[in-house]
Amino acid sequence: MGSQAPAAKSNVVLILDYGSQYTHLITRRIRSLSVFSLCINGTSSLETITKLEPSVIILSGGPHSVHADGAPSFPPGFIEYVESRGVYLLGICYGLQLIVQKLGGVVNVGEKHEYGRMEIEVVKGGSELFGNRSVGDSQVVWMSHGDEAVKLPDGFDVVARSHQGAVAAIEHRERRFYGLQYHPEVTHSTEGMETLKHFLFNVCGVTAGWKMEDVLEEEIKIIKDIVGLEDHVICALSGGVDSTVAATIVHKAIGDRLHCVFVDNGLLRYKEGERVMDTFRRDLHLPVTCVDATEQFLSKLKGVVDPEMKRKIIGKEFICIFDQFAQDLEKQLGKKPTYLVQGTLYPDVIESCPPPGSGRTHSHTIKSHHNVGGLPKDMKLKLIEPLKLLFKDEVRELGKILNIPVAFLKRHPFPGPGLAVRIPGDVTEGNALDILRQADEIFIQSIKEAGLYDDIWQAFAVFLPVKTVGVQGDQRTHSHAVALRAVTSQDGMTADWYNFNFKFLDEVSRKICNGVRGVNRVLLDITSKPPSTIEWE
């Protein structure tokens, strides 16, 4: 449960997702213009699309060929609906080819595939897509396609071509249909953001005005409608920004009928439990019960090395605890809570590749988030997820409006499965958890002391399930290695590794090797996302 669309439906930009790795960026770029955008499955039913009442629909790119068996497409009656309602339609890459093919044009396998940075040139003056640009004007864009449109449907004009001569942009002004054979949403398209901005505001007549205040007001209304006047709600508080903001919203909506529970699953960071509980009591004034379930979680994880299995076990155990907590509350209240609040974010939903209707059936599952793909099918509690359409930076903005302390909002993300995803292999083997906690604490405190914490999106240590030979105290050692990971990002969907100076890294390495018994080697992860994920599992 959660937001389906904002109140001002005339300004909804709907993205039909056909599996492009960049689709989420379209959503982000449009929201950054203060316009609400929502991404759903490209093969969603016409009923689903019409209920959202979009004023603009964007067909995303994707890895498919329009000629492939089972290639995704919009539903029957889609074109008729778009035209009858005056909806503006923009196809990007695969989306352009889909428009061309479905309306009677021809798409062939390109003689020259175009990937990466390419130059395109305006070939028709006075176009709506490119505003005042003159014939011959060029710009650098990001291409990623093998097929190409070779014959356009009746009434369409080619308004830009690549320097190799391939169709790069098309439009049919009367029908309000447009297409770009490149990705304006990525930063490598140097003027892509300006093109999107011009298209939305000057061509489609969309107005900016979507604000976090609107999101808060809408979410409170939705929660009140869902919960009613008598039901009680449990909130799973992890101590992170997401669950805390979600809890604060629900508390604002239903007051004391919210019951928060913080679970110590034995997979927390150094002194995390006591630090988090102190913050809840002192700064956030939320009613929280702490449940120590260390033995329960670690016993179920013993011997488990598969990362997906770990996540699913952890998700299941969390739900078991919440169910028990609900039963205990029933004895106190005489009424059993029926809802569970979680701080699920939009990137969680995207990466977990949820079922049809959620938005991503034409892309691969990256990993199951314990609060999305890891939940058991027979869960008794119904979910309320007030943040599931928001990105991390949007959640932090919402937190400011709710007067959550800025220092708390700036906390680095911490995964729901905790340190289990930072220990490849069996988390219960030896003293892996203790070693990791100590190394991680040294790393994070060093970052804070150096004044770098706010410059980094997320930083942490990883325990490696290998032993290496070392020399410590003039003696041979055969001890563990740890890796350090720090990244910068805007929304967690893509990330770059943080470039520490060598003096800092040298000091941290020596602190860890000297201060953590059982470690004799420190490595640095310098991989971006993609190709890696931020977490190791």
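Contact here means heavy atoms within 4.5 Å. The structure is a predicted model, in which local features need pLDDT of at least 70, side-chain atom pairs count only at pLDDT 80 or more, and totals for chains, interfaces and linings use all residues. Residues are numbered from 1 along each chain as its sequence is written, and side-chain values use heavy atoms, with hydrogens and water left out.

An unreviewed UniProt entry lists Ser238, Gly239, Gly240, Val241, Asp242, Ser243 and Thr244 under "binding site". UniProt positions follow the numbering used here, feature names are shortened, and annotations may be inferred rather than shown by experiment. Threonine 244 lies in helix α7. Helices (H or I, at least four residues) and strands (E, at least two) are DSSP runs, numbered from the N terminus. Threonine 244 counts as buried because its relative accessibility is 0%. Buried means under 20% relative accessible area, exposed over 50%, and partly exposed in between (1.4 Å probe, protein chains only). Leaving out residues up to four places away in sequence, threonine 244 touches Leu237, Gly239, Phe280, Leu284, Ile404 and Phe408. Glycine 240 sits in the loop between β10 (233–237) and α7 (241–254). With a relative accessible area of 18%, glycine 240 is buried. Beyond its neighbours within four places in sequence, glycine 240 contacts Phe408 and Arg411.

Strand β8 (residues 167–172) is mostly covered, with 6 of its 6 residues buried. Two strands pair if DSSP finds at least two bridges between them. Strand β7 (residues 157–162) runs antiparallel to β8 and is joined to it by 4 bridges. In this pairing, aspartate 157 stands opposite glutamate 171 of β8. β7 and β8 form a hairpin with 4 residues between them, and glycine 165 in the turn has a positive phi of about 100°. On to strand β9 (residues 177–180), β8 is again joined by 4 bridges, in antiparallel fashion. Here alanine 169 faces leucine 180 of β9. β8 and β9 also form a hairpin with 4 residues between them; arginine 176 in that turn has a positive phi of about 65°.

Isoleucine 526 lies in the segment after β18 (519–524). Its relative accessible area is 49%, so isoleucine 526 is partly exposed.
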